[in-house]
Structure formats: C-alpha cells, structure tokens
Amino acid sequence: GFAIHGVPAAHETVERDGGGRCKFLGYVVEFGGWTVYHSGDTMLYDGMIERLQRWQIDVALLPINGSKPERRVAGNLDAREAAQLARDLQVPCAIPMHYEMFEFNTADPGEFLAACRDLGANGRLLKAGERWSSSELRF
C-alpha cells in the first residue's frame with residue numbers, strides 16, 4: 001500500500017483559499033518501507049522543517065531554480081537552500097529538479113551538488129531519462 005500526505009508548499013508564502021486549504025502542495029509518499037518527499041514548487045517557510053521532520057524521508061526531490069525574476073518562474077528554493085533543507089532533514093538522498101526544463105530556466109545542478117558537498121548533504125543528480133536504484137542509497 002501507499003500512504004500519500006499533502007504538505008504545504010509556498011511560492012513566496014503559504015497561500016490558502018477561502019476555506020483555509022493550502023493552494024499549493026508537496027507530497028510525502030510512504031510505500032514499501034520507503035518515504036519520498038516531492039516538494040513541488042516551494043520556498044522555505046516558517047514551520048516547514050518541523051512539519052517534515054515527522055517523517056524519516058529517504059529521498060527528497062527538491063527544486064533548485066530559485067526565485068530570480070529574470071528566470072520568470074514562481075518562487076522556489078535555490079540550489080543552496082535545497083541542499084540546506086536536505087541537510088536539515090538528514091535526507092540520505094536529495095535529487096534536484098526544476099532545471100533544464102525550459103530555455104529560460106538556467107539553474108545549474110552543479111551548484112546544488114557543490115552546496116551539498118559544502119553542507120554535508122547527500123545530493124544525487126539524475127539526467128533526463130536516467131534511472132536510479134535504491135541500492136545506490138548509502139545509509
């Protein structure tokens with residue numbers, strides 16, 4: 001079975017609709033002894049780390065394209081912020097996303113990997129179409 005948990009995501013802040021529901025979500029998915037966090041579009045927000053610490057996340061998929069206006073993207077983590085989040089959550093494997101998708105999106109995954117090395121986080125870069133196996137995970 002799968003358990004899927006919606007968690008708030010924020011472009012600049014956590015936005016809510018008229019009913020108090022979060023407009024944007026990331027997801028924590030638990031299955032077969034694994035826990036994966038797909039942040040979706042998000043920036044850091046107050047309480048984010050504490051909210052996510054309720055799970056022992058094995059793999060985190062984190063945006064790295066930042067919030068630079070010239071990239072014309074909604075606010076997201078930049079490479080260093082994503083690496084810091086992975087470190088703060090003690091994620092065994094953080095995989096960057098939101099780069100090389102569009103011509104204007106010039107985020108550099110090498111910056112993420114360098115930040116991971118600097119901060120002691122475990123970053124893993126996947127090229128388009130590349131497969132990843134849990135056997136590569138180092139606990």
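Where does histidine 98 lie? In the loop between β5 and α3. Here are a few notes on that residue and some others; keep in mind that this is a predicted model.

1. Histidine 98 deserves a look at its backbone. Its phi is positive, about 70 degrees, although the residue is not a glycine. Histidine 98 is also buried, because its relative accessible area is 16% and the cut-off for buried is under 20%.

2. Glutamine 90 is another non-glycine residue with a positive phi, in this case near 55 degrees. You'll find glutamine 90 in the loop between α2 and β5 (93-97). Buried or exposed? Glutamine 90 is exposed, with a relative accessible area of 67%.

3. Serine 39 sits in the loop between β3 (34-38) and α1. With a relative accessible area of 0%, serine 39 is buried. What is it in contact with, leaving aside neighbours within four places in sequence? The list for serine 39 is Ala9, Leu25, Gly26, Leu61, Leu62, Pro63 and Met97.

4. The largest nonpolar core has 29 residues, and the members touching the most others are Tyr37, Leu52, Ile57, Leu62, Ile64 and Phe112. At least two residues of this core come from each of α1 (48-52), β4 (59-63), α2 (79-88) and α3 (109-119). Leu62, one of those core members, is also on the contact list of serine 39.

Methods:
Residues are numbered from 1 along each chain as its sequence is written. This is a predicted model: local features need pLDDT of at least 70, side-chain atom pairs count only at pLDDT 80 or more; totals for chains, interfaces and linings use all residues. Side-chain values use heavy atoms; hydrogens and water are left out. A nonpolar core is a set of buried Ala, Val, Leu, Ile, Met, Phe, Trp, Tyr and Cys residues joined through side-chain atoms within 4.5 Å. Buried means under 20% relative accessible area, exposed over 50%, partly exposed in between (1.4 Å probe, protein chains only). Helices (H or I, at least four residues) and strands (E, at least two) are DSSP runs, numbered from the N terminus. Contact means heavy atoms within 4.5 Å.
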